[in-house]
Structures are given as structure tokens and as C-alpha cells.
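Subject: Structure for you to look at, with notes

Dear colleague,

I am passing on the structure we spoke about, and my notes on it follow below. Please open it alongside this message and read the two together.

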Amino acid sequence: RLVSREYKAEDTVIRLGDVVIGGTAKVFIAGPCAVESREQLLTTARLVRQGGAQILRGGAFKPRTSPYDFQGLAEKGLEYMAEARALTGLKIVTEVLEPDAVPVVAQYADLLQVGARNMQNFSLLKAVGRSQKPVVLKRGLAATMDEWLQAAEYILYEGNQQVVFCERGIRTFATHSRNTLDMSVIPALKQASHLPVIVDPSHATGRRDLVAPMSLAGLAAGADGIMIEMHPNPEIALCDGPQSLYPQEYFLLMQELRALSGFL
Ligand code: PEP
Ligand code: MN
């Protein structure tokens, strides 16, 4: 299999200009769950830059559990993401929900995100596989490591070798957190595959008070990076407020993550 260490022994390293994902580098991605408005996004992007992350996250097309929830600003949101990149120099990652939307999202984004709910949307996997843009492939809500590897295989098989795994927690019997962050899958994946692995402690826990410890644990477990939700005012966030860090919490966490990176 193309994703395996047997096929390719050395780590895959993805380069977006001066931002490196994989190998000895650590990458930090932060931003709101959703692009809510131009002002919200540009404010957040400046804070993300200030804290030291290299990539801005933000959904323009949101996969919401309820059809009555905020669905995202669609292409307008992509425009604001591109504007935030121009303003700050950050790279941008945003989710693509369907195969037909891959070309337009790829026009704006530096990285395409395939969300947890779409991990086995095989037509979407093929479509991002035909794109030239690197892909962040989130783990399905109840996917085994092998199913996740096979999903990545679809993308590589189509010719796109640039895939980043993102562990975002899986559904378990636990009720204290939104999902359960599967820490042991990080070293297991790194052993099985040459592709980079990042951790999303925000969706994994659903609780901002758990985001910092799980971010540090993720790096310690060998992750190549961390993706964090942060909002200038989580109390009024249209999406995932309870798990979004306040800017001050984000600044502090970034200091801790940088310090820990120095030891690793
Ligand atoms: C997201 O990162 O915006 C998101 C929707 O996450 P997930 O697909 O992991 O639920
Ligand atoms: Mn979210």
C-alpha cells in the first residue's frame, strides 16, 4: 500500500512555502470553527499570527449535525480566508464537503480538509486525490486505524501524495468529553505510515479546559502538529464555542507547545 512504511520508509514532508509539515518540524494550526464574518475572521487571523501558529483554520462549508445550525458562508467565507492570508502571511486550511466543490475550494486554500463525517466519502477522496493541494484527512467518528489508512490510500492512489492524518477523537461510551482522543493511534500511525499526523484536541474533547493538556500530550505522543479552535469571543461563536480557546489561553498554550517542542 502506498501509505505504508514498507512502500516508503522515510517520512513524507509537505512544504507550503516556508511552512513544513512532517519530518522533524512541528506545525501549529489555529482559528475559528467557522468563518462567521469578515471582521471575525480578520481579527482571529491577527491573533493566530500573534500567537505563532503558521496556518489559519476556518470552515466556509460546515458539516453541521442539525440542518438548522449555521451552515457557513460558503464562497464568501473562502474569500475572507484568502484575505486573511494576504493580511497575515498565514497559510489557510478549510473543509471541502463535496467532490464538485473541490476545484473552487482548491483555488483558495493551501490545504484541503476532509472532515470526519466524510472520511469514507470515496468520491470526495478521489476528487481531492486528483487535486494538487495537500489534504488534511480527519479520522472518521468510529473509524479504525486501518479504515483510516485505506481512506488515505484512495487519495494517494489518485496521484496526490500529500496527505496529513488528523486525529480528532472517536465516539466512545465517555460522556465527560465530546469524543475520546485516541493517543495511542498517533505512534501506531507513525509506525504504519510515512504520512504526517496531527492532533485536533478541540473536536476530540469539546471542552476548552481539556484542550491544552491534550495538545501537549499529542505532541509528546509524537504528533507532527496540533490544530486548535480559537475565537476572539467564544461566548458568541456560531459554532463550537465551548471548545474554542480564548485568545489569552491560545497565547499561553502556544508558549507551552513551543517549549515542549524544544525538548522533543
Ligand atoms: C472541523 O475541523 O471544522 C470539523 C468539522 O471537524 P470534524 O470533521 O473533525 O468534526
Ligand atoms: Mn468545530
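Predicted model: local features only at pLDDT ≥ 70, side-chain atom pairs only at ≥ 80, totals over all residues.

I will begin with a pair of helices, α1 and α9 (residues 247–263), which pack at an angle of about 30 degrees with their axes 9 Å apart. Because angles under 35 degrees count as roughly parallel, α1 is described as roughly parallel to α9. The crossing in which α1 passes α9 is right-handed. On the α1 side the contact is made by L47, V48, Q50 and G51, and these meet P247, Y250, F251, M254 and R258 in α9.

The metal site deserves a careful look. The manganese ion (ligand 2) has four protein residues around it, namely C33 through SG, H203 through NE2, E229 through OE and D240 through OD, at 2.0 to 2.3 Å. Along the chain, the donors of this manganese ion follow the spacing C-x169-H-x25-E-x10-D. Since C33 sits in the loop between β3 (27–31) and α1 (38–51), while H203 belongs to helix α7 (residues 201–205), the pair ties together parts that are 170 residues apart in sequence. Both C33 and H203 are buried.

D240, another of the residues that coordinate the manganese ion, is found in the loop between β10 and α9. With a relative accessible area of 17%, D240 is buried, since the cut-off for that term is under 20%. Its backbone is worth checking as well, for phi of D240 is near 60 degrees, a positive value in a residue other than glycine.

A positive phi also turns up at A74, where the value is about 55 degrees although A74 is not a glycine. A74 lies in the loop between β4 and α2, and at a relative accessible area of 28% this residue is partly exposed.

F70 is also placed in the loop between β4 (55–57) and α2 (75–88), and its relative accessibility of 22% makes F70 partly exposed. If residues up to four places away in sequence are left out, F70 touches A34, V35, E36, K62, R64 and L238. By contrast, M81 is eleven residues from F70 along the chain, and the C-alpha atoms of the two are separated by 18 Å.

Turning to strand β10 (residues 225–229), I looked at G225, which is placed in that strand. G225 is buried, with a relative accessible area of 0%, and its contacts, again without residues up to four places away in sequence, are V27, V197, I198, V199 and L219. G225 and P196 are 29 residues apart in sequence, and their C-alpha atoms are 8.5 Å apart in space.

In helix α4 (residues 122–129) the buried residues are L124, L125, A127, V128 and G129, and what covers them includes α3 (102–108), β6 (111–114), β7 (135–138) and α5.

The axes of α4 and α5 come within 7 Å and cross at roughly 40 degrees, which means that α4 is oblique to α5. The crossing of these two helices, α4 and α5, is right-handed. Here F122, L125, K126, V128 and G129 of α4 are in contact with A151, Y154 and I155 of α5, and the residues of this contact of α4 with α5 divide into six nonpolar, one polar and one charged.

Helix α5 (residues 145–157) also packs with helix α6 (residues 185–192), in this case at an angle of about 45 degrees and with the axes 11 Å apart. The helices α5 and α6 are therefore oblique to each other, and their crossing is right-handed. M145, W148 and L149 in α5 meet V185, A188, L189 and A192 in α6, and the residues of this contact of α5 with α6 comprise seven nonpolar, no polar and no charged.

Definitions and conventions:
Residues numbered from 1 in each chain as written. Chains lettered and ligands numbered in written order. Heavy atoms only, no water. Donors = N, O, S within 2.8 Å, 3.2 Å for Na, K, Ca; no water. Helix = DSSP H or I, 4+ residues; strand = E, 2+ residues; numbered from the N terminus. Buried < 20%, exposed > 50% of the residue type's maximum accessible area, 1.4 Å probe, protein only. Axes fitted to C-alpha atoms, helices over the stretch in contact; angles between N-to-C directions. Parallel < 35°, antiparallel > 145°, perpendicular 65-115°, else oblique. Left-handed = near helix turned anticlockwise from the far one by under 90°. Contact = heavy atoms within 4.5 Å. Nonpolar A, V, L, I, M, F, W, Y, C, P; charged D, E, K, R; others polar.
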